[in-house]
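Here is a friendly walk through one model, one region at a time. Please keep the structure open beside the text as you read.

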Amino acid sequence: MATISPASDFAPAAAPAAASASTRDPRLDFYRGIAMFIILIAHIPNDPWAKWIPARFGYSDATEIFVFCSGMASAIAFGGAFLRKGWWMGTARVAYRIWQVYWAHIALFFFVAMTMAALDQTGTFEKTYVSSLNLQHFFNDPAPQMVGIFTLTYVPNYFDILPMYLVVLALMPLYMALYRVSFWLMAAVCVAIWFIAQTGALALPAEPWSARQWFFNPFGWQLLFFTGFAFMRGWIPAPPVSKSLIWVAIAFVVLSAPFGSWKVFTWINTAAPELGAVIRKGWPLTEELRGKTEFGLLRYVHFLSLAYLGWVAAGEHGHRLIATGHGVGARIWQFLLAVITKVGQQSLAVFVFSMAAARLIGVALDQAGRDVATVFVANMIGFAMIIGVAYLAAWFKSQPWKSKK
């Protein structure tokens, strides 16, 4: 029976993949940066721009980008630790990241809860912002909910992505151990856990006063995370650039849009009522397969189709994401690439900040109104803030106060 503690145990099987996961892929940070901007828009209350985010045009949305790219980033950040230092030290590295994300979740909840309570305390607003996030249970009976927040048995809506990410990270040592036995064993366990999650058997309770479960079931979403992980580690070969695959991916994305998006269905139903009636009949057939909580199969296929198209569009090794030339257009593209990539590189800090800022931007829009100009200004301010946070986080991580050798 193979042991999994020495570093040498991981070297033979993982060595071929080392090259593929030793450097940062520009596509990873670029697309994750795009996801951060979309996530901000999606979480600003009643933001008209949210009508045009990817979630309105298909099964998958920015959450899939975030989870998939997080899996890829984890392959770089943590996979190497398992390879170089062995299973125990790799597990310790993952545990440290879990510790960081856990406290980010706790801080995010209490900051947002505090700001919503502070707004209500002023007595100047027509609505109650505490109730807008369904946090009245927390403030009415804080003692048990406090325990629930820290034990993750109370996971309010809006605060459900990071708890999912925590559980997915905790599965990594298990999968790394299984990989030492066989890649196919690891893959089979990953798929089996996802399949069981589809039945609802692995649902996690989100609050003690109802049967509501976590909005993002980590045992379903782990399939997407470890798909990205496996691609980056080189366990799954990159798909070829094929015209046939490109057209298949485009066909699936386009043809599934009316079934995955109520917005698209409404357009079709208005333009062609007879076709809309056919789509309406088929809509219930997709309900179970496109569920967001357990990460249904159609979401998986839809995202992989989009990811393939994005991978092809970026070019080999992401060469189209590397700005060249000296013209005005090239310099603008270079600037945008640098900014978006920086946001993607600092995704945890940006995500936590954006979730807090989104609520306050929503408050500002409640007061200023949601006409075209104010919505534009509000979103641009939000974009500027998350960009600033990304650069500030990178500056702190560089530890400029240390003497350079």
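His 43 lies in helix H2; helices here are DSSP runs (H or I, at least four residues), numbered from the N terminus. This is a predicted model, in which local features need pLDDT of at least 70 and side-chain atom pairs count only at pLDDT 80 or more, while totals for chains, interfaces and linings use all residues. Residues are numbered from 1 along each chain as its sequence is written, and side-chain values use heavy atoms, with hydrogens and water left out.

Which residues does His 43 touch, not counting residues up to four places away in sequence? They are Tyr 158, Met 355, Ala 358 and Arg 359, where contact means heavy atoms within 4.5 Å. Met 355 is 312 residues away from His 43 along the chain, yet their C-alpha atoms are separated by 6.8 Å. The side chain of His 43 also reaches the backbone oxygen of Ile 39 at 2.8 Å. That is a polar contact: a pair of N or O atoms within 3.5 Å, where within protein one must be able to donate a hydrogen and the other to accept it, and residues adjacent in sequence count only if both atoms are side-chain atoms.

## Arg 27, also in H2

Helix H2 covers residues 26-43, and Arg 27 has its place there. Is Arg 27 buried or exposed? Arg 27 counts as buried because its relative accessibility is 13%; buried means under 20% relative accessible area, exposed over 50%, and partly exposed in between (1.4 Å probe, protein chains only). Leaving out residues up to four places away in sequence, Arg 27 touches Trp 311, Ala 314, Gly 315, His 317, Gly 318 and Leu 321.

Most residues other than glycine have a negative phi, and most peptide bonds are trans. Tyr 158, one of the contacts of His 43, has a positive phi of about 90 degrees although it is not a glycine. Tyr 158 sits in the loop between helix H8 (142-151) and H9, and is buried because its relative accessible area is 10%.

Phe 295 is another non-glycine residue with a positive phi, this one near 60 degrees. Its place is the loop between H15 and H16, and at 0% relative accessibility Phe 295 counts as buried.

## H3 against H9

Two packed helices are described by the angle between their axes and the distance between the axes. For helix H3 (residues 62-77) and helix H9 (residues 161-170), the axes come within 12 Å and cross at roughly 35 degrees. Axes are lines fitted to C-alpha atoms, for helices over the stretch in contact, and angles run from 0 to 180 degrees between N-to-C directions.

From H3, Phe 66, Val 67, Ser 70 and Ser 74 take part, meeting Ile 161, Met 164, Tyr 165 and Leu 169 of H9. By class, this contact of H3 with H9 holds six nonpolar, two polar and no charged residues. Ala, Val, Leu, Ile, Met, Phe, Trp, Tyr, Cys and Pro count as nonpolar, Asp, Glu, Lys and Arg as charged, and the others, Gly among them, as polar.

## Helix H13

How far apart are the end C-alpha atoms of H13? They are 25 Å apart, which agrees with the 26 Å that the 18 residues of helix H13 (residues 243-260) should span at 1.5 Å a residue; the expected span is 1.5 Å times one less than the number of residues. At the start of H13, a side-chain oxygen of Ser 242 comes to within 3.2 Å of the backbone nitrogen of Ser 244.

The buried residues in H13 are Ala 249, Val 253, Ser 256, Ala 257, Pro 258 and Gly 260. Their cover includes helix H14 (262-271), helix H15 (273-282) and helix H16 (297-314).

Ala 197 belongs to helix H11 (residues 183-198) and is buried, with a relative accessible area of 0%. Beyond residues up to four places away in sequence, Ala 197 touches Leu 202, Asn 217, Phe 219, Gly 220 and Glu 294. From Ala 197 to Pro 218, 21 residues apart in sequence, the C-alpha to C-alpha distance is 8.7 Å.

Trp 395 lies in helix H19 (residues 372-397) and counts as partly exposed at 45% relative accessibility. Trp 395 and Leu 289 are 106 residues apart in sequence and 43 Å apart in space, C-alpha to C-alpha.

Definitions and conventions. Helix = DSSP H or I, 4+ residues; strand = E, 2+ residues; numbered from the N terminus.
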